[in-house]
Amino acid sequence: MQSAEVGACWEANAENWTKFSRAGYDVYRDALNTPAFLDMLPSIAGLRGLDLGCGEGTNTRRLAECKARMTAIDIAPSFIRLAQEQEAEDPRGIRYMLGDGRDLPFADGEFDFVTAFMSLMDMPDQRRVLQQVFRVLRGGGFFQFSILHPCFVPPRRKTIRDEKGDCRAVELADYFDETDGRIETWLFSTIPSEEREGVAPFRVPRFHRTLSTWMTMIVASGFSLEEFREPMASEEAARLYPAVADTRVVPIFLHIRLRKPLSR
Ligand SMILES: C[S@@+](CC[C@H](N)C(=O)[O-])C[C@H]1O[C@@H](n2cnc3c(N)ncnc32)[C@H](O)[C@@H]1O
């Protein structure tokens, strides 16, 4: 699948995704994934940052609140429009632009750091995206990204629950089947049934890679690996937000930080 088709899927998702995520239904993001990502992030105050695959911009705003000078890019025009509207209403100094991670419209070395929250596994040709990120970073700059954990969220995953509905185990299959835009259809699990009525599920093209493919791409890109984490919900988070309790059984997300050597 090519970027144009990926962009069309996300364009169709954008309005509802924004509505539901801003209403607090992206619980994995808000209760676990973004806090863990920010906890792992080095100080970014005063740095020039790029957020790749920014969606409706909530996470970009978090980075701007850490005093970074943010630019953000996404392939879906409606995400960029909705993010710009929020920026106009409540400015954080963020520059939002339409664009494709395969062909970043920026000069070499333009950024001190790049982030990608849950977007790289949704992009075709990740090898090229990594090269582009490497190019737009200055020497010594870093790239931090989160993805669906390739080992624990392969193309087939089934949560095994006990009689109380608690996750006890996870059944996994098709790990070695790398996918090229295989469409997954779903909605945030915490959306109440009355709000789901008549809402078409999101259609998300996935580009699953095995862990060894990810590591091979990273090594080939010239980055060095700096940090590698598998966030797990705390007991308190799991109690407050039961939807994320399954990350206490096996991880769902993988967080990686890469560093561009100073000399390049
Ligand atoms: C799962 S969403 C994550 C959005 C946001 N980062 C967040 O955490 O809320 C994945 C995003 O990647 C974007 N995306 C997919 N392919 C892209 C590409 N080739 N270039 C730029 N953005 C892309 C999608 O439009 C979508 O906004």
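**View 1. Phe 20 and Tyr 25, a buried aromatic pair.** Both Phe 20 and Tyr 25 are buried in this predicted model, buried meaning under 20% relative accessible area with a 1.4 Å probe and protein chains only (over 50% is exposed, in between is partly exposed). Local features here need pLDDT of at least 70 and side-chain atom pairs 80 or more, while totals for chains, interfaces and linings use all residues. Residues are numbered from 1 along each chain as its sequence is written, and side-chain values use heavy atoms, leaving out hydrogens and water. A search of the whole structure turns up 18 aromatic pairs; rings of Phe, Tyr and Trp (its six-membered ring) pair if their centres lie within 6.5 Å, and planes under 30 degrees apart count as stacked, over 60 as edge-to-face and the rest as tilted. Phe 20 and Tyr 25 make a tilted pair, at 6.2 Å centre to centre with 50° between the planes.

View 2. Phe 106 and Phe 111 are both buried.

**View 3. Helix H4 and what covers it.** Helices (H or I, at least four residues) and strands (E, at least two) are DSSP runs, numbered from the N terminus. H4 takes in residues 77-89, and its 13 residues should span 18 Å at 1.5 Å a residue, which agrees with the 18 Å between its end C-alpha atoms; the expected span is 1.5 Å times one less than the number of residues. Its buried residues are Ser 78, Phe 79, Ile 80, Leu 82, Ala 83 and Glu 87. Their cover includes helices H1 (3-22) and H3 (58-65), plus strands E2 (69-74) and E3 (95-98).

**View 4. Arg 61, a buried arginine in helix H3.** Arg 61 lies in H3 and counts as buried, at 7% relative accessibility. Leaving aside residues up to four places away in sequence, Arg 61 touches Gln 86, Glu 87, Asp 90, Arg 92, Ile 94 and Tyr 96, where contact means heavy atoms within 4.5 Å.

**View 5. Asp 51 in strand E1.** Asp 51 sits in E1, residues 48-52, and is buried with a relative accessible area of 1%. Its side chain makes polar contacts with the side chains of Thr 60, at 2.7 Å, and Thr 115, at 2.9 Å. A polar contact is a pair of N or O atoms within 3.5 Å; within protein, one must be able to donate a hydrogen and the other to accept it, and residues adjacent in sequence count only if both atoms are side-chain atoms.

**View 6. Around the ligand.** Of the 19 residues around the ligand, Gly 53, Asp 74, Asp 100, Gly 101 and Phe 117 come nearest; to be counted, a residue needs a heavy atom within 4 Å. Polar side-chain atoms of Asn 59 and Asp 74 each lie by a ligand oxygen atom, at 3.0 Å for Asn 59 and 2.7 Å for Asp 74. Asp 100 has a side-chain N or O atom 2.9 Å from a nitrogen atom of the ligand.
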